[in-house]
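Visitor: I would like a close look at a single part of this model. Please take the cavity and its surroundings, and keep it brisk.

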Amino acid sequence: VFQKSLIYALIATLITLVIAYPLAYAIAFKSGRWKNLMLVLVIAPFFTSFLVRTLSWKVLLGDDSFIVNTLKTVGILGDNGHLLATPIAVVAGLTYNFLPFMVLPLFASIDKIDYRLIEASNDLYANPITGFFRVTWPLSLPGVVSGTLLTFIPAAGDYINAELLGSTNTRVIGSVIQSLFTDANDYPSAGALSIL
């Protein structure tokens with residue numbers, strides 16, 4: 001169970017990083033006068049309850065939803081295929097719910113980068129990819145590390161997404177701790193798992 005929780009959290013963290021980095025980069029360098037509005041839009045989901053956001057994914061990934069029907073039409077899902085009650089749904093919920101925790105530290109780190117350094121790498125004949133990996137990526141690593149920690153740690157202990165979007169076989173560490181506390185009254189085991 002502990003391993004499955006870590007795998008879900010790790011996959012969600014990596015997907016969140018892949019989505020959040022271009023978004024934070026665009027907000028920091030390309031948004032211009034729309035920077036504050038884009039930051040508000042990143043923070044806007046926090047004005048809704050975590051539970052409501054997770055339940056909305058239950059509607060979005062339901063068997064009769066637009067997403068599932070589109071995937072069936074394209075041929076990615078079979079005619080009897082579904083997304084709800086699968087690990088894909090759990091990872092999608094974790095990714096969405098913890099995306100702002102990745103975007104904000106990345107934005108803070110990327111926004112501090114002097115854009116003249118990126119221009120200097122272009123002047124020194126570095127192509128955009130080389131300039132990114134030699135200048136932008138190393139300077140934004142503090143944001144990557146803090147965003148990864150802020151995303152991975154709560155995702156590893158989250159059990160709401162697994163409970164609402166997963167199946168009865170989707171047991172994660174948070175649900176095991178909850179059942180040990182509430183159902184089995186095994187406080188020492190629950191406490192030990194909580195420390196882990």
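Guide: Contact here means heavy atoms within 4.5 Å. The model is predicted. Start with the chain as a whole. The protein chain has ten helices and zero strands. Along the sequence the pattern runs α-α-α-α-α-α-α-α-α-α. The C-alpha trace spans about 65 × 45 × 30 Å along its principal axes. Of the 196 residues, 38% count as buried. Among contacts with a separation of 6 or more, 69% join residues 24 or more positions apart.

Now the cavity. The structure holds one cavity of 30 Å³ or more. The volume of the largest cavity is about 40 Å³. Its lining is made by Ser5, Tyr8, Ala9, Val90, Leu94, Ala155, Asp158, Asn161, Ala162 and Val172. Helix 1 supplies the largest share, three residues. By class, the lining of the largest cavity has seven nonpolar, two polar and one charged residues.

Two of those elements turn up again at helix 3. Helix 5 and helix 8 are among what covers the buried residues of helix 3. Which residues of helix 3 are buried? In this helix, residues 50–60, they are Arg53, Thr54 and Trp57. They lie on the same side of helix 3, because they cover an arc of only 95° around the axis. The general rule is simple: an α-helix has 3.6 residues a turn, so residues three or four places apart point the same way.

Last, a residue from another helix. Leu117 sits in helix 6 (residues 115–123). Leaving aside neighbours within four places in sequence, Leu117 is in contact with Val135 and Leu139. Pro105 is twelve residues from Leu117 along the chain, and 20 Å separates their C-alpha atoms.

Conventions: Residues are numbered from 1 along each chain as its sequence is written. This is a predicted model: local features need pLDDT of at least 70, side-chain atom pairs count only at pLDDT 80 or more; totals for chains, interfaces and linings use all residues. Side-chain values use heavy atoms; hydrogens and water are left out. On a 1 Å grid over the protein atoms alone, a cavity is a set of points where a 1.4 Å probe fits but cannot get out, and a pocket is an open set with protein on both sides within 12 Å along at least five of seven lines; lining residues have an atom within 4 Å of a point. Grid points are joined across faces, edges and corners, and a volume is the space filled by probe spheres set on the points. Helices (H or I, at least four residues) and strands (E, at least two) are DSSP runs, numbered from the N terminus. Ala, Val, Leu, Ile, Met, Phe, Trp, Tyr, Cys and Pro count as nonpolar, Asp, Glu, Lys and Arg as charged, and the others, Gly among them, as polar. Buried means under 20% relative accessible area, exposed over 50%, partly exposed in between (1.4 Å probe, protein chains only). The arc is that of the directions from the helix axis to the C-beta atoms.
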